[in-house]
Amino acid sequence: ESVKRLDKREALLCVLAESTDEKNILKLVEALCREHGNNLIKIDDAKKLGEWTGLCKIDKEGQARKEVRCSCAVIHAFGTESQALDIINDHFKRTDVPEAKLDPITLNFR
């Protein structure tokens, strides 16, 4: 689904997990983002990306359990303006490079 959105030029932002087993997916997504000028954020852990996209169960204490790995997620609509969106936009405006690495623990760009 993510590749379809990228190929149709419907993606605003792509998040890619580098720990995916399919290295061809990494190359394909990176090439599509580069070709279409999409911003790309890379993270280390596919389980963390799965948690961020809701591919998990939340227990009574609010902790994520039974996380499912996710190789790639594409945002095609940001919704309402937020501080998080401002941070992402500011980062890509400052760097001139449409690729960033995000630390999944601190949520800071590297």
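Analyst: The protein chain exposes about 7,300 Å², and carbon and sulfur atoms supply 50% of that area. The model is a predicted one. Of the 110 residues in the protein chain, 31% count as buried.

The elements of the chain provide the setting. Four helices and six strands make up the secondary structure of the protein chain, and along the sequence they follow the pattern α-β-α-β-α-β-β-β-α-β. When contacts between residues at least 6 apart in sequence are considered, 60% of them join residues at least 24 apart.

We now turn to the interior. In soluble globular proteins, nonpolar side chains tend to be buried together. In this model, the largest nonpolar core consists of eleven residues: L6, A11, C14, L16, L26, V29, L32, C33, L40, C72 and V74. At least two residues of this core come from each of strand 1 (13–17), helix 2 (23–36) and strand 5 (72–75). Helix 2 gives the largest share, with four residues. There is also a second, separate core of ten residues, among them I41, I43, C70 and A73.

Apart from its neighbours within four places in sequence, A11 is in contact with R5, L6, N38, V74 and I75.

Finally, consider S2, which lies in helix 1 (residues 2–7). Is S2 buried or exposed? Buried means under 20% relative accessible area; S2 has a relative accessibility of 16%, and therefore counts as buried. Residues up to four places away in sequence being set aside, S2 touches C72, A73 and V74. S2 and C14 are twelve residues apart along the chain, and their C-alpha atoms are separated by 8.2 Å.

Key: Residues are numbered from 1 along each chain as its sequence is written. This is a predicted model: local features need pLDDT of at least 70, side-chain atom pairs count only at pLDDT 80 or more; totals for chains, interfaces and linings use all residues. Side-chain values use heavy atoms; hydrogens and water are left out. A nonpolar core is a set of buried Ala, Val, Leu, Ile, Met, Phe, Trp, Tyr and Cys residues joined through side-chain atoms within 4.5 Å. Buried means under 20% relative accessible area, exposed over 50%, partly exposed in between (1.4 Å probe, protein chains only). Contact means heavy atoms within 4.5 Å. Accessible areas come from the Shrake-Rupley method with a 1.4 Å probe; for residues, only the protein chains shown count as cover.
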